[in-house]
Amino acid sequence: MMKMGLMKKIAISIFASAIVLYADAATATGHKALTLTEQQEESLVRSIIPSTKVEKVIRAEADGFYKAYLANGQILYINPFKRLIFVGEIYTAGGQNLTANDREIWQHELQNGQLETLTRDELIKDAVKVNFGKGASKYEFVIFTDPECPYCTKAEEHFAKYDTSVYVNFLPLPFHKNAEKWSLEALSSKDFKKAMEQIKKTGKDLGVEITPKAKEQLDKMVALGKKLGINGTPKIFVIEKNSNKVVGIIDGANIPKMDEYLKKDKSDDKK
């Protein structure tokens, strides 16, 4: 009887220790430990979209629906009980866009996570370097661009006004019929920078022979873009030259945000 009592105490002690270790592990990784109900709810939501990468699940404002936060920065509304998927925006009666607010916070959270894990080498491994003026002094940029995207052109033309260095990764968007071909033509050209300028200026094919190397390089660029969850262009990453660290992420042709780095680089260069 004493042995059984002792074994029971040991089992209880091990179980209690396991709970403490689980809680500590969850705290250490920055994730809140889910309750059993939350785990069940999340499992139900994931079962509705099994092929989609869901990062987290939270109950939505609408009864019966859950917010599925996706790796690409988007949010879906799922009702697992009625097997419904809602893609769209939810507003309050006062006109506040709850979805846009949640999405902005979520994308900011994802970007902060990328800044902690991304490396310069990963971003520029298959990119093509283009120098403008004297090249970069303090900051370099990595751009995911589409040669048929007007916003990309706006960002690239702004870079050209400064002494800076830009690493180009192509990410042709499916609704731009010439984007993939022009990307391949530019990558196949002997003078990449000149080829890009000609495409932007004329809006026509270069007529160069597309090389197997260009196809392989473009495939790698697109794969990296998908891995990073990029679904729109331009997407710009800022690298501090001295440390080789990724220190900023810019969505779209955000000129004021670009200038935070470009003008600082220019002012530091004059010192």
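How many disulfides does the count come to?

1. The count comes to zero disulfides, where a disulfide is taken as a pair of cysteine sulfur atoms within 2.5 Å.

2. On the basis of the note: the model is predicted, with local features requiring pLDDT of at least 70 and side-chain atom pairs counted only at pLDDT 80 or more, while totals for chains, interfaces and linings use all residues. Residues are numbered from 1 along each chain as its sequence is written, and side-chain values use heavy atoms, with hydrogens and water left out.

3. Buried means under 20% relative accessible area, exposed over 50%, and partly exposed in between (1.4 Å probe, protein chains only).

4. Salt bridges come to 15. The rule asks for a side-chain nitrogen of Lys or Arg within 4 Å of a carboxyl oxygen of Asp or Glu. Three of these pairs are described below.

5. Arg46 pairs with Glu42, and their closest N and O atoms are 2.8 Å apart. Both residues belong to helix α2 (residues 36-48), where they sit four residues apart, about one turn of the helix. Helices here are DSSP runs (H or I, at least four residues), as are strands (E, at least two), numbered from the N terminus. Arg46 is partly exposed, with a relative accessible area of 29%, whereas Glu42 is buried at 17%.

6. In the salt bridge between Lys181 and Asp205, the N to O distance is 2.7 Å. Lys181 is in helix α6 (residues 179-188) and Asp205 is in the loop between α7 (192-202) and α8 (212-227), so the pair ties together parts that are 24 residues apart in sequence. Lys181 has a relative accessible area of 39% and is partly exposed; Asp205 is also partly exposed, at 36%.

7. A network is also present: salt bridges that share partners join Glu61, Lys67 and Asp102. Glu61 counts as partly exposed at 43% relative accessibility, while Lys67 counts as buried at 6%.
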